[in-house]
Protein chains: 2
Amino acid sequence: MTAQPLSPPLSPHELYGRHRATLDQAVAASRARGYWSPFAEMPSPRAYGETAAADGETAFKARLNKLFPLDQPAGQGFVGAERSPFGLKLGVTYPKPDLDALLAAAKAAMPGWRKAGPDGRAGVCLEILTRLNKRSFEIANAVQHTTGQAFMMAFQAGGPHAQDRGLEAVAYGWKAMTDQVPSARWEKPQGKNPPLVMDKRFEVVPRGVAVVIGCATFPTWNGYPGLFASLVTGNAVVVKPHPAAILPLAITVEVCREVLAAAGLDPNLVTLAADSADAPITKELATRPEVALIDFTGSSEFGSWLEQNARQAQVFTEKAGVNTVIIDSTDDPKGMARNLAFALSLYSGQMCTTPQAIFVPKDGIRAGGEHLGFDQVVQAIATATDKFLSDPERAVEVLGAIQSDATLKRLEDAQALGTVALASRAIAHPKFPDARVHTPLILVLDAKDEDKYGQELFGPIAMIVKVEGTDDALTRAARLVREKGALTAALYSTDQDVIDRVQDTLTEAGVALSVNLTGGVLVNQSAAFSDFHGTGANPACNAALCDLAFVAGRFRVVQTRVPVAA
Amino acid sequence: MTAQPLSPPLSPHELYGRHRATLDQAVAASRARGYWSPFAEMPSPRAYGETAAADGETAFKARLNKLFPLDQPAGQGFVGAERSPFGLKLGVTYPKPDLDALLAAAKAAMPGWRKAGPDGRAGVCLEILTRLNKRSFEIANAVQHTTGQAFMMAFQAGGPHAQDRGLEAVAYGWKAMTDQVPSARWEKPQGKNPPLVMDKRFEVVPRGVAVVIGCATFPTWNGYPGLFASLVTGNAVVVKPHPAAILPLAITVEVCREVLAAAGLDPNLVTLAADSADAPITKELATRPEVALIDFTGSSEFGSWLEQNARQAQVFTEKAGVNTVIIDSTDDPKGMARNLAFALSLYSGQMCTTPQAIFVPKDGIRAGGEHLGFDQVVQAIATATDKFLSDPERAVEVLGAIQSDATLKRLEDAQALGTVALASRAIAHPKFPDARVHTPLILVLDAKDEDKYGQELFGPIAMIVKVEGTDDALTRAARLVREKGALTAALYSTDQDVIDRVQDTLTEAGVALSVNLTGGVLVNQSAAFSDFHGTGANPACNAALCDLAFVAGRFRVVQTRVPVAA
């Protein structure tokens, strides 16, 4: 991909002018919380151009088996051992970072960025997002062949939906930075004497160097909020991708640097710090005194390590949890089973939002006009899942591939945890013979087996838990939220009193609740500008994407005041 | 003071209606940053009523030598050993808290408070502030006779100005909580198919129990922001006053509980946890798992301890720093000297905002049409200070009294640190013969003596530092801000280039700057709704009063979504 110089070269202020309408809409949307997105989510020629799909694939393939070029301060040697869960070895290498040089360059770049001001920085960030959008097909290929997402998800979640989340962070950051006027005249009456008059200026200053620690499953979707929240608020950002999913973020960094340079700013405001699984640099990087902000998505263990050890920084984490579903009753058992089947299958359960424990009363439920026994509910979900994935061509486009060896191993080991209601089976991918594709395992467990269903088992592993009844389910679900954390919770009930009680209890416990999903929306899905992803109110994460708390601490306001002669 | 039942009893919603106009004005003022306050700052009969002053003093005196009545969960025994810096022993005792019972009661009170919603909570908080305002004279007496502030300052800073800061926190908290709509309909187009439609609800939930740790010098001014920021955002608040300044906060807690009860809410949302200097409870309280928010004003040592050890909580600290003044040039040397004399004298330098190190070029400065040598600048400041305090009756109303033995000792020891330009002298208080009143000590030091002037010396101790020139002064000031922290910085210069350079450098360093103060505003003073007190961008504090970052993390938003049938 050749660099696309801005022609004519545009200042941050001009970029603000270019993108201001979009920014205003984004700010309005994040307040109104209806549906809104400026980025087309369908990979259609109409939205992206006739040749966009082919161009993107070509651009991706041109990356393979080469050094990824980045003109940033580099150390000695190279890293990079990405391997597609669909079978391909990527062979891309990246310059090893020299952290001293990288952090020094990042710091040196910040004063000029501060002076671009909130508007100028928002303009630059929106130009970056606009260009990232144009690169959505290339990024989709990179996401697919690092995370194992099927193409459609890789395109949507890795492209426009990630860009939405990035834009949302820009909108929140800009809104927070401009929460007070940039300057004001203060005039205090003094009775019969002349008033005291002062001119005051309020300038936004950054906190320091920010580090974004990417994950292996949603490198851009989970990475962009922190990247753009820190960048728009004036900080320099070092992007530290997961060793298994470097490419999508490397392309992102490239685009950021291209726009920064073209706008006359220091491109070292955004740099890449790639590492390898056997020589990780994250702990060293995260605890450097220059680092003031950290965004992390990944394991609870490492997220907690960061919270405990990166004491010099403000740390935003999205970790793991145990997502639960409470089935009390339904008037659409088929819709429920189909919706759950989709939710459990999507990207082979490799989403932090996938349900893990499904609580079903031991005496069954009211379903439509009839009664379904416990076993019938289990059977309905298992059958729906099996049927949903019966066509391999369709199945692989939902399941994608298993991202890591660890998840595959976990899936194998999980069979012993309970009674198998639906066995996991391997599916041959029609296009990628080496792809590791596996359908979800569905187990039945007893309520007392909380040591099993109450631990996060990342991957295509679902457990239906036999409980006394809805109250028992609610007590267990709320406790799991409080103790283990959760990104999502779901409820099926036809009883408004039950819905109100569950909503009240789970709101108090601090988890987002989806009620009676039987149609086109899955509990796993979270829409920018409308859904808060995570709450920050339970152990699964200490932040939400995106809200004021996610941005307000990333900058400070420093004032100057000068008296005005009466 | 007898309880004033709300008549007729008013719900939180009705209180919101009553105070909504004030809230709207407060939100607008905090954005526009001009002068605004709803609370009269002069202790005048016109504003507060003919008998208010006498009633307040009577109410204060009625507190003395008695148990302070609080109907909250209490432990065994009593604490309280307050002693007025003006000589009086207060003799007030307070129930010793039982932390287990107190925290359990605080937690139990929160669900009802959450349900009052942002509007209802803001209404209750504004009613509390309105009633605190009516108690300003009583609180002023309590502030005076715990902190040592002279009456006028005790009234203004302890009363209306503290109420302003509390209101500012309510306004910011309410603004942040209502940053998104409480509910929304989300409607996503699906091409030719019917849209996906969901109803979503966004509820604000608290973080947990908040603790406000008061200081000995400005118990209400520094305590109200945290108290009201945590309370309005749905948390219960335990107020832990400094053992030397319990009464002002005890009265505050009493008013909070009175309003909460009258509004049908659980008064245990605000409780007092008094302790004594020889059996402090702060460390135990601050590290309790129930505690999610801590606001602290006090020493750097204890503030840093909290930041390091109260890991379960979000910790907001205002600690200490070294405030500097750079004198480059002035066209009003008399105004400058008089303004600095006032700044150094006010409350005997016992403000976190008082200048400590005054940098003066060794070759002197341009001053008006003439040149003033270094010694002449020193002399001008010393003489102005001496003259300003020459009338004992006026002097005691500016100086107040020395709050603690430690500050008195510090003042005595400081004489040896440099060449004395103005010796401190004791002044007999015409009304309180046992008051410890001392004028500021002004020393001259060399730039190399940073080990002396570069440590905070709380109290009436100022140091004029001989530097090479303005650049040298700026380098030193900026380094002190970065390494030791600062709440304020000041500059005198007639050269716009110098002003711009100092502003840029100190903004980058993260400290608020006041330029060319020669009139009625002192560098020490910070006006609610206009001045950010502290920046959070240097080691003197990790938060500012008041901004979005001060409130946005005190609550979370939890959503529920339900599909709407097409």
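**A tour of the two-chain model**

Between chain A and chain B about 6,200 Å² is buried, and carbon and sulfur atoms give 50% of that area. Buried area here is the accessible area (1.4 Å probe) that two parts lose on being put together, summed over both. The model is predicted: local features need pLDDT of at least 70, side-chain atom pairs count only at pLDDT 80 or more, and totals for chains, interfaces and linings use all residues. Residues are numbered from 1 along each chain as its sequence is written, chains are lettered from A and ligands numbered from 1 in the order in which they are written, and side-chain values use heavy atoms, with hydrogens and water left out.

**Stop 1: the interface**

Select both chains. In contact (heavy atoms within 4.5 Å) are 74 residues of chain A and 73 residues of chain B. The rule finds 14 salt bridges across this interface; each is a side-chain nitrogen of Lys or Arg within 4 Å of a carboxyl oxygen of Asp or Glu. Now pick K115(A) and D504(B). Their side chains form a salt bridge, 3.3 Å from N to O.

Next, select residues 555-563 of chain A. This is strand β22, which gives the most to the side of chain A that touches chain B: eight residues. Strands (E, at least two residues) and helices (H or I, at least four) are DSSP runs, numbered from the N terminus.

**Stop 2: the sheet with strands from both chains**

Show β15, β18, β19, β12, β10, β20 and β21 of chain A, then β22, β4 and β3 of chain B. In that order they make an open sheet of ten strands with mixed pairing. Two strands pair if DSSP finds at least two bridges between them. At the edges are β15 (419-422) of chain A and β3 (183-190) of chain B, each pairing on one side only.

Zoom in on β10 (324-327) and β20 (489-492) of chain A. They run parallel, joined by four bridges. T324(A) has A489(A) as its bridge partner.

**Stop 3: the five-stranded sheet in chain A**

Its order is β7-β6-β5-β8-β9, open and parallel. Edge strands β7 (270-272) and β9 (314-318) of chain A each have a single partner strand, so one side of each lacks a neighbour in the sheet.

Select β5 (209-213) and β6 (236-240) of chain A: five bridges pair them in the parallel sense. V209(A) is partnered with A236(A).

Finish on helix α8 (224-232) of chain A. Helix α8 lies across β5, β6, β7 and β8 (291-297) of chain A, at about 160° to β6(A). Such angles run from 0 to 180 degrees between N-to-C directions, with axes fitted to C-alpha atoms, for helices over the stretch in contact.
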